[in-house]
Amino acid sequence: MTDTSSDDVQRFLDGHFTSLESLELVEDFLRDEERTHASLEKELDATHRHTQAMFTEAGSVADKVNAESLKLIDLHSKVVGFAADESVSAWQFRDGTEIMKLVASLAARLREHQKLSQARAAVDVLVDVEQTKAMATQCLAEKDSQGVLAAYTHAASVLNKSYSTTTEASLRPPQHHLLEHITQTVLGIWKDAEGAAAKAQSEALVRLGWPGKIDMSMATAIETFDAGFSMLVSLDCVNREYKGVLARCCPEVLANKKSALPLEHLAKAVDIRMRYHFESSRATNRVDKPEWWLSQVLSMVRNLVPFMEAHVQQIYEQAPLPHLDTRNEFLRLIQPVIQRKLAHDRPEYLKSGLVISHVTRELANFEQTLRDVYFFDGPSTLERFLSDSDVFAAWVEAERANAMAAYMEAVNDPGAFDLVYDDDMLGIDDAKPSRIAEKVVLLIEDMAERYSAAPSRMQRLQLLATTQFPLIIALVEDVEEEIDEFNRITLAFIRESNIPGAFGASANPGQTPFMSQLARLAAWFQTIWYVEEAARDWSNSPMYVDLWAAVCQHAHALGKEVDPRDWRDSCDDWRAKDRDLLDGTSPAQTGSADSDDDWIDGGIWERTIGTLGKLKQRVLDLIIKAVSNDTVAQLRAFRKKNTWATSNDGKGSVGFGVSVELSGALSGLAQLISSLANMLPFTAFTRLLRSLSVEIDTFITERVACAHSFNCSGGKRLAADVEAIARVLASSAPRADLRRPHQRTLSKARECGLVLSCNVDSMSPSAESARNAIPLALNEWAHAIADTSTDAQEAQLVLKKLGISHLSVKEVRKLLGNRVDFSDNLSD
């Protein structure tokens, strides 16, 4: 090769490798120079021969230079020793200039040879890369997957070799542009190869029937799928082999590649369908219908997973790649698709928070299916979704606002406390819900069902405290307000009022205002009782038992002085640490609350049940007070009767009828008790009867027996009246076994009748045969009792033998003093 041709090569390199865009001219240049390729080859051969000759000449010159140098060094050592003028260089001799010219000429030829070698290497690489690119294009057109794979592998190896032999210092414009050109060629081959293989795999899936059920009998489609899948696996192997250089020079090849390449393209097929149907303007894109797109994803999974287990897993295991469960990995790869859909709909979720509960429920069911049916063990998308504080806050606020709006609408209804069911539909021991009670229970249970899908116990507890407890609090406050209003109105005014349905009671034709108000009180009692019983059931349900255990674990971790029942006071301030403790994921949980007995008998609704129980007792006390006051008021005429000492009927107590003053009150009392038996549950009604019996017993003893004068006949009439009242109280009991008078009913009034009806001198045959009569006459025992010097304990023992065990000695002395037919004997 002549000097002129060397200059041309140098100008070509310097002129065409000035920028990255200039690399595009290489292909055009090569096509234009194909006609002169033969001559260039000849010139390259000549250059090789010339270079070899230069190397031979250079070796000879080097030997001569070495010999002459030795002579010069020897001469130099001699001259330096005799030189007088130090300013004269030891190398300035006659033949020194000729030697330096020879060395300079040799160095110039060596540099020229190096440049020519580099140029030839660059041209060789360019030619190799372009031929590889052409081969890849041809193989793609011929659908020769092995040829494409070989081309990509060779291109990657060329890139790796070029990058490894090039240092940062040597990356001058020509070498830098060459590396860029190789990189772009590798990237182009990669995109074409990956796209062709992915297309073949996707089209084969469609031919097999997916996203419907896959038909394994289609052999041609199976072969096409296998070819595409295997091609993607092979490309993945090449990428793993040259991962280092590809990460530096072609990051696009490895971008977002976190799993096996063919599985990523299977997940991408799901992604494409999701975008088309549920992230576009199509009618199927409904924010309020998460079940649509989740069921579609599940359907695609259901139809693809069996094919993966039976066929894809085998293909993958034949590749030199680490072991991988293709089914589980595929399910993991579709999680970002679901997450992107949730992120796409997030603005709408923030506007309509109740949709979040629906999404949570459907997403929980979806993930449960993946875990139970397909044994998916990857991360939870639901947890990630609800970890968004704005999303969770929107859900809580929507639940709270919706619940309170529904409650206010129900409580403002005039018939809010009307009972829902007829008396004969439920048993006497069953709580009878009012409209507002049923509404509150339904609201709480509906919210519990919705948020039970939340994976975090802390979030469930926050929803419980923010959305459910306020409903109970509102109900308690409303009932207490009704009670306070009721207490402002005197019972006398209620009884005398002729306004049906006064003070908020529902009008009931044929019902007195007093009974209407009692029905109103009973409705409050039933309301509170129904919600209390529901709270007891909730407290024993698995979800709330689990939450209570979490609260106790949290309190145990914070310290023994922390009461788990106070959790509601601090739940608004819970942070990540508290979440770990409540969810049982904290490594700091070294102890267990199971060893403490303080919380075992409690529950998450314990304080709510206590509050409702106290309110229920307050309502019952108000009913008892109202009934007792009304009954005493009805016995006013009986109390004022003053003919007990003038009665001379001479009949036994069995033969006496009811006093005229008492007959009207007994009729009203019987009707009142019968109505209360239908209004109240058995336990409350029994407590009311017991309290009413004590009230009447005390009234008869203090206001009648101890307040009036009696003779024996008057005493017998009083005893008959007491028996009549006892029969009325017993006959109205809701259970048959209680519908007979009991000796403990009106016990003191009965004993008053015994004392006041006892004969003075001797027991008549009828009196002796009379039931419950004192077996002795007054003259035989009354003097000892009336004597104040008699020991009180001895007097009490005497009375007990006579059948008087409830009256005190003082009360018996008072009764004996009221016996006008015996008081003279006492004075004697």
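**Close-up 1. Glutamate 399 and its polar partner.** The side chain of glutamate 399 makes a polar contact with the side chain of arginine 450, at 2.7 Å, in what is a predicted model. Glutamate 399 belongs to helix 16, which covers residues 389-411, and is buried, with a relative accessible area of 2%. When its neighbours within four places in sequence are left aside, the residues in contact with glutamate 399 are Leu354, Ser357, Met447, Arg450 and Thr467.

**Close-up 2. An edge-to-face pair of rings, tyrosine 349 and phenylalanine 385.** Across the whole structure a search finds 14 aromatic pairs. In one of them, the ring centres of tyrosine 349 and phenylalanine 385 are 5.7 Å apart and the planes stand at 80 degrees, so the pair is edge-to-face. This pair links distant parts of the chain, since tyrosine 349 lies in helix 13 (residues 335-351) and phenylalanine 385 in helix 15 (residues 381-386), 36 residues apart. Both tyrosine 349 and phenylalanine 385 are buried.

**Close-up 3. A tilted pair, phenylalanine 469 and tryptophan 567, and the rings joined to it.** The centres of these two rings, of phenylalanine 469 and tryptophan 567, are 5.9 Å apart with their planes at 50 degrees, so the pair is tilted. Here too distant parts of the chain are linked, with phenylalanine 469 in helix 18 (residues 457-487) and tryptophan 567 in helix 22 (residues 567-570), 98 residues apart.

**Close-up 4. Lysine 641 over tryptophan 644.** Lysine 641 lies over the face of tryptophan 644, and its distance from the ring centre is 3.9 Å.

**Close-up 5. Cysteine 706 and cysteine 752.** The closest cysteine sulfur to that of cysteine 706 belongs to cysteine 752 and is 5.3 Å away, which is too far for a bond because a disulfide needs the two sulfur atoms within 2.5 Å. Cysteine 706 is buried, with a relative accessible area of 15%, and a search of the whole structure finds zero disulfides.

**Close-up 6. Helix 28 and the residue at its start.** At the start of helix 28, a side-chain oxygen of asparagine 711 comes within 3.2 Å of the backbone nitrogen of serine 713.

Technical notes:
Residues are numbered from 1 along each chain as its sequence is written. This is a predicted model: local features need pLDDT of at least 70, side-chain atom pairs count only at pLDDT 80 or more; totals for chains, interfaces and linings use all residues. Side-chain values use heavy atoms; hydrogens and water are left out. A polar contact is a pair of N or O atoms within 3.5 Å; within protein, one must be able to donate a hydrogen and the other to accept it, and residues adjacent in sequence count only if both atoms are side-chain atoms. Helices (H or I, at least four residues) and strands (E, at least two) are DSSP runs, numbered from the N terminus. Buried means under 20% relative accessible area, exposed over 50%, partly exposed in between (1.4 Å probe, protein chains only). Contact means heavy atoms within 4.5 Å. Rings of Phe, Tyr and Trp (its six-membered ring) pair if their centres lie within 6.5 Å; planes under 30 degrees apart count as stacked, over 60 as edge-to-face and the rest as tilted. A charge sits over a ring if NZ of Lys or CZ of Arg is within 6 Å of the ring centre and within 35 degrees of the ring normal.
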